[in-house]
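User: I would like to go through this structure by question and answer. Please define the terms along the way.

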Amino acid sequence: MRGEQSALSPRGPEAELLHGLTWLLSLGGAVIFLLTMLLLVLALTGRARWLASPRVMVMLGAVLPTIVLIALFAHSTGIVSALGRVVGAPLVIEVVARQFWWEVRYPEQGIVTANEIRLPVGRQAELRVTSPDVIHALWIPALHGKIDMIPGRENRLRLTAGEAGTWRGQCAEFCGSQHTLMALFAVAQPPAEFEAWAARQRAAPVPESAGRAVFARAGCGACHTVRGTEFSGRIGPDLTLIGTRQSLGAGTLENHRDTLLQWVSSPQRVKPGNAMPDFRGVLSDDELREVAEWLENLR
Amino acid sequence: MAGESAVTPNSLPRPEGELEALKAAWVQPTGWRFPTVVNNAVIGVLYVATALLFFVLAGILALLMRLQLAVPGNDLIGHATYNQFFTMHGTVMMFLFAVPAVEAMGVYLLPAMLGARDLPFPRLGAYAYIAYLIGGLAFFASLFWGLAPDQGWFLYPPLAGREQSPGINADFWLLGIGFIEISAIAGAIEIIVGVLRTRAPGMSLWRMPVFAWAMLVFAGMIIIAFPAVIWATILLELERALDWPFFIAARGGDPVLWQHLFWFFGHPEVYIIFLPAAGMVSMMLPAMAHTRLVGYELIVVAMVGTGVLSFGLWVHHMYTTGLPQLSLAAVTGASFAVSIPAGVQVFAWIGTLAAARRLQWEVPTLFILGFLFVFVMGGLTGVMLAVAPWDFQAHDTHFVVAHLHYVLIGGMVFPLLAALYYWTPTATGRKLSDRLGRWAFWLIFGGVNLTFFPMHLTGLRGMPRRVYTFPSGQGIEWTNLLSTIGAFVVAAGVLLVLIDLARNFRFSLNADSGNPWGAGTLEWLPQDNFATRSIPLVTDREPLWTNPGLPREVEAGQHFLPGTVTGLRETLATSPMEATPQQIAIVPGPGWAHVIAAIGTAGFFLALTVQAYALSLGFALAGLAAMLHWLWHGTDLGPIHPPVDVGAGYRLPVYAPGPASLGNWALAVLLVADTAIFACLAFTHAFLGLAGTEAWPPAGTVLPPVPWVPLLLLGGGSILMLVSASATSIALLLAGLLLALLGVGWDGWEWWRSGLRPEAHAFAASVCASFVWHGFHALVALVMGGYLAARGVRGRVTPERRITFDIVRLFCLYTAAQAVAGLVLCHGLPRAL
């Protein structure tokens, strides 16, 4: 489960713009801070009487800042409009945040997945975000800043992955007990690989095994959808091809058979307060193992 | 030249017994009667101490949180507790420490600085303090039962709505904070009237100490800003308790409405905390540097400018809510603008240091220099955050945590600590320990930078706020560890300050400060339980520098009002601009009524929170009875003494009804706050109507007919109330009030008959919320009317003795006017949209 989550390592043009601002503002701020402190020290030595006049006060405290801030204002406005630019025909992705995970839909491709946003390198994506429960915020610092996900509203954020890679993102607006464990991954792939992934998602092969029967018997389908099966619940994450995903529990665990077993058995221990009940005690150890194995093979 | 040769307002020798009578009038209650104390110097010290207690308590929560975040994946504190901790840390620091602490400094210092014997409404001040003490402690104690709010100090719905937060945790926030706000407004009224009306003769606005200007702007900002959060808490509580969907999108509400109301308060809040602290710095620096403040006028303009501008940039807390580009630009511009007055002040302080004759390198100076360092840093990161696109990255990360702590610790805690060391001699007669103070400074200064400087990096490397743990491998392990170490260094410094206070702070009302720093302002005059023996004639900004003989003259009784005229506690009321003596204002002394009223108020809100409705009603009635008792016996005493000479030929009345009476001023200020709440009510209607994409009002809504009859009743009632003044006719006034209330009731009935139900839709809920507000005013007006009638029956209302009458009449007229505005709003807006 690797993936940088830093605004200081931009991986796309939008994040690069913001990163440029980070440098400008940090260095500019540092210079102004040091100069001000220098004047303070000069004042303390008693050798800068010229500082003790209202005229100097207005020059240093009002006129100079006004000039600097007007320039900064112009620059900032330029960046906002550059960020608003639509490049080509963006890939539309709908992201719906819930306590405490992310549903990710590709309406044009007919794909639904969770806690992972796949992106083709070099093509702008338009994220249309909202939430049915509380306010969340989507933040993948390697690609862009935050956007709030507000019940009753749809917000949009356009971002582009400039290179292939996997980056971590996280909910940035406090959304309740497990706000902390609400992460996701952005996975950028060359366009051909992305198309292959999308084709696989659409085909969504489902292996037959004992685990599937247990899944059905335990009523998992009441909350979860697995495309290509009768399971069509809408409460929890869509589990179609869950075996291909980076993490479980929205970035809480790495994704392999052991952690799948751990999650299915006792999600309340792994991520207390999430909506899924523990199945240890409901299902036998063998049954739990069979479910985990089946889920792992959804890939 | 000073002393004997100068012409003073009163001459020597003073009549025998004058001093003794003055002392007797101001004698302080002791022993079991101590809780009845109202004197501003005593209440002020208790107030500061209580605020410091909450600072320590909230600080302990911070230490526990830093321990949790010391290493990745830590499980020291569970998520549920952690969420309560950060909510309480923010809430307690903001509402129970920062605002009360600066307000407390005002209560303690202002009368002495202005040359008044006390604040104009000491019992109101004591009441506000006691309510804050009880309410604050009970609110904090909710942590021990796991009932503390856990939605963040901003309490955003829908997370704070009933569905998501069914427990009473959020109600603790809403009701607890609700009445702490009321206490803050009470304090603000007292400060505004005190600063504008009880200054020493000759202390025109331009001769007023900067701190008084700062507190005036502070109080004015409270009066405008706090109403927004009061209204927001009313709406959320109505939603939680009665399911009125103001913030529920599915029924026409909007969660963003809360954010606007909350931040319209929340951003000015920062300056509400900062301005008094800046004012204190502007008082201390000239004394420590033995030179006049450079650019006094500019500083005053800068403070007023900050106050005004701060109301225009609340949206910068909402950059990521999906605003249009134009709004982003406008708010960035406004946020930039507010940094200009701060810059002017910073260079005024640097200039004053540059002009120093002989800078005293003492503990207050250290804390002021620390303040300049930390605050300038915080200000600059604030400019960074004001750049909207950059805020997309930094928003809600630890970068913001670093920024806000630099601003608030730098801008408020450092000045407060400087002030503690600087003004302690006025309360105890001697300085605090120099040695402990220096150690404390270096530990706190080093610790703050060690805690918060690395935190900038923590945030940019991807750590959001309000998370109880973080993954390893993101390059934030060592920055978090440094922050944790730094937090404990700060704690060590604070501990030293507490030890110093415990060892060296011995409060006394008649301690002689001895003016150890050689300051020039009036709070360094010799004080007794009556404050200064006589009220000095002020001729410039640093009276003690211009006239070194002033302390002796004042103490000998050569200035104004050197005794008590009526045998009661008195202070001089002066004109707001030039401070010309106008009347002798009688200020109330100790009593139990305001204590019971405060317990009643706090008990009412707390019992309401835990849903003990009968108990809460009991508290409300007890509190109300105590308030009426206090008003009946302590206010509007009438012309009990003929006009009297107070010095320099000023013959002043002891009872002066009319627009200049202090009671009228207080009500006028209160009505400004009231109007601000009404403005928020109107904003609620307009925002919900305009921001949504659906039809407003919702399809199928039947609007009641145009309310001609209610308008007629309100108009007729208002005319009766207007004409009642000339004859001081209680009957006419009450008839007018009843007519007006009938109008409101009529309109409410029409809405109800048309099928309006508040649970159905946000439109109906906001119309009903207006009626809740009118209903509350009607209730208050009726209580006031009944009280007035009772006073009339007992012969306490006459054409001469009419302050109560005037005040009740003004409130009733306001109630009617507000009802008319509400009517126009509720009927007009849906027809216009």
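Analyst: A nonpolar core is a set of buried Ala, Val, Leu, Ile, Met, Phe, Trp, Tyr and Cys residues joined through C-beta atoms within 7 Å. A residue is buried if 20 or more other C-beta atoms lie within 10 Å of its own, exposed if 12 or fewer, and partly exposed in between, with C-beta atoms placed from the backbone. This is a predicted model, in which local features need pLDDT of at least 70 and side-chain atom pairs count only at pLDDT 80 or more, while totals for chains, interfaces and linings use all residues. Residues are numbered from 1 along each chain as its sequence is written, and chains are lettered from A and ligands numbered from 1 in the order in which they are written.

User: Which residues have the most contacts inside the largest nonpolar core?
Analyst: Two residues are in contact if their C-beta atoms, placed from the backbone, lie within 7 Å. The largest nonpolar core has 372 residues, and the most contacts inside it belong to B:Ile222 and B:Met284.

User: Which helix gives the largest share of this core?
Analyst: Helices (H or I, at least four residues) and strands (E, at least two) are DSSP runs, numbered from the N terminus. The largest share of the core is 24 residues, and they come from residues 210–242 of chain B, helix α6.

User: What is B:Ile222 in contact with, leaving aside its neighbours within four places in sequence?
Analyst: Neighbours within four places in sequence are set aside here. The contacts of B:Ile222 are then B:Ala184, B:Ile185, B:Ala188 and B:Ile272.

User: How many residues does chain B bring to the contact with chain A, and which helix supplies the largest share?
Analyst: Chain A brings 68 residues and chain B brings 63. On the chain B side, α3, α7, α9, α10, α11 and α12 each supply at least two residues. The largest share is twelve residues, from α10(B).

User: How many residues on that side of chain B are nonpolar, polar and charged?
Analyst: Ala, Val, Leu, Ile, Met, Phe, Trp, Tyr, Cys and Pro count as nonpolar, Asp, Glu, Lys and Arg as charged, and the others, Gly among them, as polar. By that division the side of chain B that touches chain A has 37 nonpolar, 22 polar and four charged residues.

User: What span does helix α19 of chain B reach?
Analyst: The expected span of a helix is 1.5 Å times one less than its number of residues. Helix α19(B) runs over residues 613–634 and has 22 residues, for which 32 Å is expected. From first C-alpha to last, α19(B) reaches a value close to that, 31 Å.

User: Why do the buried residues of α19(B) line one face of the helix?
Analyst: The buried residues of α19(B) are B:Ser616, B:Phe619, B:Gly623, B:Ala626, B:Met627 and B:Trp630. The arc is that of the directions from the helix axis to the C-beta atoms. The buried residues of α19(B) line one face because, seen down the axis, they fall within an arc of 100°.

User: What do these buried residues pack against, and which exposed residues are on the face turned away?
Analyst: The buried residues of α19(B) pack against α4 and α18 of chain B. The face turned away carries the exposed residues B:Tyr613, B:Ala614, B:Leu621 and B:His633.

User: Is B:Asp636 buried or exposed?
Analyst: B:Asp636 is in the loop between α19 and β3 of chain B, and its phi is near 50°, a positive value in a residue other than glycine. With 20 C-beta neighbours inside 10 Å, B:Asp636 counts as buried.

User: What is the phi of B:His290?
Analyst: B:His290 is in the loop between α7 and α8 of chain B. With 17 C-beta neighbours inside 10 Å, B:His290 counts as partly exposed. B:His290 is not a glycine, yet its phi is positive, about 50°.

User: Is B:Arg33 buried or exposed?
Analyst: B:Arg33 is in the loop between α1 and α2 of chain B. It has 12 other C-beta atoms within 10 Å, so B:Arg33 is exposed.

User: Is B:Ala386 buried or exposed?
Analyst: B:Ala386 lies in helix α11 of chain B. Leaving aside neighbours within four places in sequence, B:Ala386 is in contact with B:His316, B:Thr332, B:Ser335 and B:Phe336. There are 26 other C-beta atoms within 10 Å, so B:Ala386 is buried.

User: What is the omega of the peptide bond from A:Gln99 to A:Phe100?
Analyst: A:Phe100 is in the loop between β1 and β2 of chain A. The bond from A:Gln99 to A:Phe100 is cis, with omega near 0°.
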